[in-house]
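Visitor: I would like to learn how to read the strands, helices and cores of a protein model. Could we go through one together, feature by feature?

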Amino acid sequence: MALTAASITPEEMDRLQANYPRAFKRPWWEQARQWAVWSALLAFVGYCLVRFDAAPGRIWDGLSELGVILSAMVPPTFGAAPSGLFWALLESLTMAFLGTLTAALLAIPLGIMGARNIIPNWVFHFVLRRHFDGIRGIDPLVWALVYVRAVGLGPIAGTLAIATSDTGTLAKLYAEAIETADSGQAEGVAATGAGRSIVIRLGVLPQVLPVMLSNALYMFESNTRSATILGIVGAGGIGFELSDRIRAHRWDEVGMIIIMIVVTVALIDGLSHLIRKRFIEGGKNRPLVRTDEAT
Amino acid sequence: MLEIRDLSKRFGQTRALDGVSLQVEAGQMVGIVGRSGAGKSTLLRGINGLTTPSGGCVRYAGVDVSALRGRHRRDWRRRCAMIFQQFNLVHRLDVLTNVLAGRVAHRSTPRTLCKLFSRRERALAALTLERVGMAEQILQRADTLSGGQQQRVAIARALIQEPEVILADEPIASLDPHNASLVLETLREINRHEGISVLLNVHTVEMARAHCDRILGMRDGRVVFDGTPDELDERSLAAIYDMPRAAESAPEASTPAAAGADAGGLAAVN
């Protein structure tokens with residue numbers, strides 16, 4: 001009567017397989033479907049490589065050319081005007097900060113309006129959500145091109161580009177966070193006779209604020225990187241200096257700018273990690289996989 | 001035989017376990033009762049090695065299992081299966097895969113990572129699910145099941161480990177009375193037929209009385225009662241729960257709110 005793997009008889013196995021066939025073997029059409037999906041994926045990757053003329057020789061030649069450029073970057077130098085580079089980098093950071101902050105604030109009312117459990121009208125929901133998709137579907141670089149035309153060269157264009165694109169992204173993320181909020185907590189507040197705005201403020205927002213802050217921080221990290229690029233199209237910041245040096249083949253200065261960008265991005269990541277720890281995790285930090293207790 | 005000697009556990013200033021000593025004969029079904037915070041969970045977790053004791057030891061068949069590390073400790077965990085209040089099944093996996101997860105200690109890691117299971121293992125999983133009455137749902141996702149069904153799948157996962165001891169930490173605290181009885185009957189049936197020792201934390205004294213050979217009463221990290229269900233009279237209940245007419249109101253006494261109210265009124269409830 002013992003339930004052990006060793007004690008199961010072949011007859012017992014046959015009986016169990018007859019009773020629960022799908023627990024032993026998936027039916028042939030499911031296996032065929034899986035094979036078909038994987039083969040199609042592989043074939044598509046192969047087709048893309050052929051279309052791109054991605055011959056191994058070409059990639060190899062390109063890599064050696066990359067090696068030449070990399071060696072030209074050593075040793076990195078600041079060039080004629082080091083302070084100019086620092087100001088430009090600071091300008092990029094400011095663009096990222098102001099842009100993300102604007103987007104994070106604008107996205108709060110938009111996110112609340114876009115949440116299906118707050119405004120359960122599917123037409124309104126559909127139209128608003130597609131607008132979010134449209135706004136964030138366009139890369140900040142494209143928005144930067146548009147704003148450079150509209151407000152002229154400089155950091156204002158870059159800030160507006162980041163703010164526009166991220167408003168769409170954050171509004172969508174906030175709306176989704178609100179939709180996964182626990183209705184019981186909102187019900188608890190509503191049951192006291194609170195109106196709609198109070199229920200949102202006291203019953204819903206406390207649940208989703210950590211998610212909102214976390215998303216905004218992530219966007220800030222990401223924007224610190226993309227703000228360094230926006231200058232290439234004239235929207236201010238270090239990107240302008242970078243593209244200028246690349247055009248002039250001054251690789252040693254390019255190397256220094258890249259180092260500055262990497263250090264800045266690392267610092268911002270570290271800073272946002274600290275903020276996350278302080279405000280979001282709230283002191284508890286339980287490992288997901290724990291096999292032993294630290295004593 | 002499972003032997004616990006002078007087991008202690010401190011969390012900061014709190015003594016969750018304060019010198020617990022007891023022996024459990026092979027094949028016994030032991031119910032552990034007591035208020036929240038009496039040390040019931042810490043005791044079970046100390047046996048399994050999920051909590052490292054501050055003092056004392058746990059011996060099984062003559063081996064000090066609390067001193068085991070690494071592979072040897074994982075093997076000990078395979079032999080003393082754990083069942084949880086919240087079932088701890090993996091929601092997005094089907095019942096079959098959840099149960100097969102209990103085989104990890106018997107097989108190679110790469111094969112498990114690729115989810116490759118043999119015909120014999122699948123048969124064993126199906127047989128075990130038949131034993132707990134859950135074979136019909138074998139391909140259903142775990143999160144589509146009711147609480148009682150999930151707990152029975154969790155019992156199947158424990159059984160397929162081929163354990164010698166089952167530790168059940170509040171297995172029925174999240175279930176309605178009908179499902180609670182069903183789960184305890186399943187555990188009792190396994191205890192009788194497979195000869196597996198069961199250590200069970202329960203909030204309700206009546207459930208422990210109805211299903212266990214032996215009852216332990218814990219209070220403030222110490223064992224204050226150890227005897228058969230018949231020996232558990234009003235006086236011993238009062239010693240465990242510290243309430244007059246304990247037989248009637250004991251179950252409520254162990255809810256967090258009641259324990260908090262004892263400790264310091266409304267402030268503690270928050």
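**Reading chain B**

Guide: Let us begin with a pair of strands: β1 (residues 2-11) and β2 (residues 14-24) of chain B pair in the antiparallel sense over seven bridges, where pairing requires that DSSP finds at least two bridges between two strands, and where strands (E, at least two residues) and helices (H or I, at least four) are DSSP runs numbered from the N terminus. This is a predicted model, in which local features need pLDDT of at least 70 and side-chain atom pairs count only at pLDDT 80 or more, while totals for chains, interfaces and linings use all residues. Residues are numbered from 1 along each chain as its sequence is written, chains are lettered from A and ligands numbered from 1 in the order in which they are written, and side-chain values use heavy atoms, with hydrogens and water left out.

Visitor: How many residues lie between β1(B) and β2(B) in the hairpin?

Guide: Two residues separate them, and Gly12(B) in the turn has a positive phi of about 60°. Within the pair, Leu7(B) stands opposite Val20(B) of β2(B).

Visitor: In what order do the six strands of the open sheet run?

Guide: Strands of a sheet pair through backbone hydrogen bonds, either parallel or antiparallel. Here the order is β6-β7-β8-β3-β9-β10 (chain B), with mixed pairing. Because β6 (80-83) and β10 (222-227) of chain B each have a single partner strand, they stand at the edges, and one side of each is left without a neighbour in the sheet. From one strand to the next the twist averages 20°, with axes taken as lines fitted to C-alpha atoms, for helices over the stretch in contact, and angles running from 0 to 180 degrees between N-to-C directions.

Visitor: Which helix lies across β3, β6, β7 and β8 of chain B?

Guide: That is α7 (residues 177-194) of chain B, running at about 155° to β8(B). Helix α9 (residues 234-241) of chain B also packs on the sheet, touching β3, β9 (214-219) and β10 of chain B, contact meaning heavy atoms within 4.5 Å.

Visitor: Which residues touch the most other members of the largest nonpolar core?

Guide: A nonpolar core is a set of buried Ala, Val, Leu, Ile, Met, Phe, Trp, Tyr and Cys residues joined through side-chain atoms within 4.5 Å, buried meaning under 20% relative accessible area with a 1.4 Å probe, protein chains only. Of its 61 residues, they are Leu129(B), Ile166(B), Leu187(B) and Leu200(B).

How values were computed
Buried < 20%, exposed > 50% of the residue type's maximum accessible area, 1.4 Å probe, protein only.
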